[in-house]
Amino acid sequence: MFNFTEFMNEYLPDILGMIGVFLVLWYYCLLQIGKCSAKSLGFSIANLVGSLLILFSLWFNWNLAAVIMEIAWILTSFYGIVNYFRPSIPEISEEPEQQF
């Protein structure tokens, strides 16, 4: 018989953690082969979601070093998302001004 509590405590954290690992690694591979940009919104969101899923799994199977790594990854992903939506400042032209 299906035991929901056992599933939630033993299997779900590992399944979600593995999905998180797959998501982070998939987007890292896409970055390495030039199929996505590190400054893209999708890259930052995928890393954020993946890290949150891994962090969830670590709640059930504690590993301090991995938790610190995932928190750093989450903060870095938030930084990327904020920068994506931050208005860009136009570059200053290096050409000298023309005087008439």
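Trainee: How far is the sulfur of Cys36 from the closest cysteine sulfur?

Mentor: The sulfur of Cys36 is 10.0 Å from that of Cys29, its closest cysteine sulfur, and this is too far for a bond. Keep in mind as we go that this is a predicted model.

Trainee: And how should I read a distance like that?

Mentor: The idea is to look at pairs of cysteine sulfur atoms, because a disulfide needs them within 2.5 Å.

Trainee: Is Ser77 buried or exposed?

Mentor: Here the general idea is a cut-off: buried means under 20% relative accessible area. Ser77 has 5%, so this residue is buried. You can find Ser77 in helix 3, which covers residues 64-85.

Trainee: Which residues does Ser77 touch, not counting those up to four places away in sequence?

Mentor: Look for Ser44, Asn47 and Leu48.

Trainee: Now the surface, please. Which residues make the nonpolar surface patch?

Mentor: Patch residues need over 30% relative accessible area. In this model, Tyr11, Ile15 and Ile19 make a nonpolar patch of about 280 Å². Take Tyr11 as your example: its relative accessibility is 44%, so Tyr11 counts as partly exposed.

Trainee: Where does Tyr11 lie?

Mentor: In helix 1, residues 4-32.

How values were computed: Residues numbered from 1 in each chain as written. Predicted model: local features only at pLDDT ≥ 70, side-chain atom pairs only at ≥ 80, totals over all residues. Heavy atoms only, no water. Helix = DSSP H or I, 4+ residues; strand = E, 2+ residues; numbered from the N terminus. Buried < 20%, exposed > 50% of the residue type's maximum accessible area, 1.4 Å probe, protein only. Contact = heavy atoms within 4.5 Å. Patch = residues over 30% accessible without salt bridge, like charges linked within 9 Å, V, L, I, M, F, W, Y side chains within 5 Å. Areas by Shrake-Rupley, 256 points an atom, 1.4 Å probe, with all protein chains shown as cover. Salt bridge = Lys/Arg side-chain N within 4 Å of Asp/Glu carboxyl O.
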